[in-house]
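Keep the 3D view open while reading.

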Amino acid sequence: MQRDLFSTDGLNLKPAGGRVEPRLWVQRLIIWKEPGKEIRNIPLKPGLNVVWSPDEGSRRGQIGHGGGKTTFCRFLRYCLGESGYGPDAQRRAVLEKMPAGQVGAEVRLDGETWLIRRALGLHKEDYALQGPSFAEISSLPAEPTGMHPFTDAATRSFLDGAVQLMPASIGSGGAWQALLAWMTRDQECRFGNMLDWRSPDSGSHSPVSGRNRSQEDRLAVMRIVLDALRPEEIDTGRRREAVGSTLSKQRPEAEQLAWNLARLRRRLARNLSLNPDNTSGLDATIIKTRASEQLAKVQGLPTVATLDRLRAARSEVEAAVREQEQAKAAIEIASGKKASEELLAKVLGDELPELSAQNQRLEHPVCPVCGVLIDKARAEGCGISDHTCDLEALRLQVGNKLAMRQNALAETARLQGELATLQGRLAIADQRLQQQRHSLAQLERAAQDRSDEIRSAERILDRAIEFDQASAELEAAENAVARSESSFKILGEELEVHRSAITDVVTQLSDRFDAVFREVTPTDARCSVKLDGHGFGLKVPADGLAIGSLKIAVFDLAVMSMAVEGTTRHPGFLIHDSPREADLGGSIYTGLFDVAKKMEWFGPSPLFQYIVTTTTEPPEEFCSDPWLRLLVKGSPPEERLLGMDL
């Protein structure tokens, strides 16, 4: 079909002047099992490139998955500057089968050819240098250059002057990789969200991958590339974000202060005999006044127990204690004496039988030495003992013991009487002590009650002062929240002003999105793109999972078409890995190929490169040259991208 016969109704591009090829495109991808031993040499072209891994849909037919189309996409990304080419398991499998494996690409950047070769193994022998082609050079330099010559050149070509606008999490060093991630979405992301570009499980190590990466940062990258973000807006956004962060702390603090103050107000209302159900009118001044009045009233009450009475009562208790102690001591002494006299009387009493016998024998006394009657011994003399019997001394001894026993019994009786008197004295002392202690306890309780009442009133006044301070803190916190909310609102209005300054860019993007969407899915309804504080919003006349994925694919194509016109920083390079598997219907899927084919006719040659991989059979005309650039199969292993089973 000749170009002038191809209809361009609906989608009408105005290619940038002076261009004869895309600003960025890959003209060849080469895979080496080892240096000098090619596995694949895949030529690519400007415009649409199809990579197909057939899936017959039968149990014994070809398996579309596992052919290597996603690996093909990852190798392309790897050659364009991504840090990794796959998850750990895949890299280990490649390393095991191809320890010296390499992948290379001939990349065209702004009319210059870059030869890029990267190692697939552990040793990072990466080269990125300008040259005609791999076929036309005999060898590469002995010292690897690394990837920075190419990535630096790409950054200058597409992001020069905008690198400083990049979010801090990406920085100037990650700017190109962030843009590359948008142009080459992971298959794992499934076109689920406009800002989902890299799965954390893809092993890409991209600065925009990871579960904790901010979508705000990815949105900033997108807007920078579309030339829809200005330094003034970034500065205002950062200031608004800082105010928002402050507000997120101020509001809970103010709410906590208000809750504590309400609880303290209710407590003080009960303490001051105010209505706890109607505390809205109780401000700090009223509460402090009532608390001060209550304390003054308590301090002016008549004294129930004077200090002199307390002292006198304590002295009387001390005297009663001494009297009690003296009575106890006297009882103890008397008891000891009584016990001693009773013991003496008992000992003497035990000797009385013998004394009685002796008294009886006095009438007919017998010599205690020889046993001879005294009368006979006196008359005849004693022939046994050489001692004489002193009968008078014996009588005197018996008499003394009798007298001592009688005295002991008399003293015991006397002490018994004295003990009875002392016990009565102790009982009186106990009773008096109990009465004095009771009286003292009453006086002390009265004094304590008054002291407690004063302390309670003092504590209430302390809480009233605390309430006054808390009220001031709450007022300051609420004023701070009000100021922050005002600043947040003003900065939000400023952001809207900044966004309105890029209305032309958003309008152009919206019109292009509408045109591409109509090409893919004919509709009379208007499609649009809107930019607000939540990011880009895509409005289409239908809804559903498939339409959600389609919106994202069409958005990418719309941006790529604007790159053809040179109105954005986008390189005009795009990879869609298996868009059919994102639940796109057959007619919609076909529309993607048709719109890409249509875009090829704007310019002296296609000014973009769009690579699509698929397991679904492409529309018939795209199943052969020039569109079909690579055909791989899941089996046998020789038909896979790497020609082997990993």
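How many disulfides does the structure hold? The count is zero. The model is a predicted one. Cys73 has 3% relative accessibility, so it counts as buried, the cut-off being under 20%. Cys79 has 1% relative accessibility and therefore counts as buried too.

**The antiparallel sheet**

Five strands make up an open sheet, ordered S2-S1-S4-S5-S6, with antiparallel pairing. Strand S2 (37–43) and strand S6 (127–130) are the edge strands, and each pairs on one side only. On average, neighbouring strands here are turned by 15 degrees against each other, direction ignored. Strand S1 spans residues 24–34 and pairs with S2 in the antiparallel sense. In that pair, Trp32 stands opposite Glu38 of S2. A helix also packs on this sheet: H3, residues 148–159. Helix H3 touches S1, strand S4 (102–109), strand S5 (112–119) and S6. The direction of H3 makes about 30 degrees with that of S4.

**The parallel sheet**

Another open sheet has four strands in the order S9-S10-S3-S11, and its pairing is parallel. Why is one side of S9 and of S11 left without a neighbour in the sheet? Strand S9 (573–577) and strand S11 (628–631) stand at the edges, and each has a single partner strand, so one side of each stays without a neighbour. The twist from one strand to the next averages 15 degrees. Strand S3 (residues 47–52) runs parallel to strand S10 (residues 609–614). Leu48 stands opposite Tyr610 in S10.

| Strand pair | Sense | Bridges |
|---|---|---|
| S1 and S2 | antiparallel | six bridges |
| S3 and S10 | parallel | six bridges |

**The nonpolar cores**

Which residues have the most contacts inside the largest nonpolar core? They are Leu24, Phe72, Phe150, Phe513, Phe536, Phe555 and Tyr610, in a core of 115 residues. Helix H12 (residues 545–565) gives the largest share of this core, with 12 residues. Phe513 has a list of contacts beyond its neighbours within four places in sequence. Among them are Cys527, Ser528, Val529, Leu538 and Val540. Phe513 is also in contact with Lys551, Val554, Phe555 and Ala558. A second, separate core has 19 residues, including Ala291, Ile454, Ala464 and Phe467.

Tyr610 links two of these topics: Tyr610 stands opposite Leu48, and Tyr610 is listed among the residues with the most contacts in the largest core.

Notes: Residues are numbered from 1 along each chain as its sequence is written. This is a predicted model: local features need pLDDT of at least 70, side-chain atom pairs count only at pLDDT 80 or more; totals for chains, interfaces and linings use all residues. Side-chain values use heavy atoms; hydrogens and water are left out. A disulfide is a pair of cysteine sulfur atoms within 2.5 Å. Buried means under 20% relative accessible area, exposed over 50%, partly exposed in between (1.4 Å probe, protein chains only). Two strands pair if DSSP finds at least two bridges between them. Helices (H or I, at least four residues) and strands (E, at least two) are DSSP runs, numbered from the N terminus. Axes are lines fitted to C-alpha atoms, for helices over the stretch in contact, and angles run from 0 to 180 degrees between N-to-C directions. Contact means heavy atoms within 4.5 Å. A nonpolar core is a set of buried Ala, Val, Leu, Ile, Met, Phe, Trp, Tyr and Cys residues joined through side-chain atoms within 4.5 Å.
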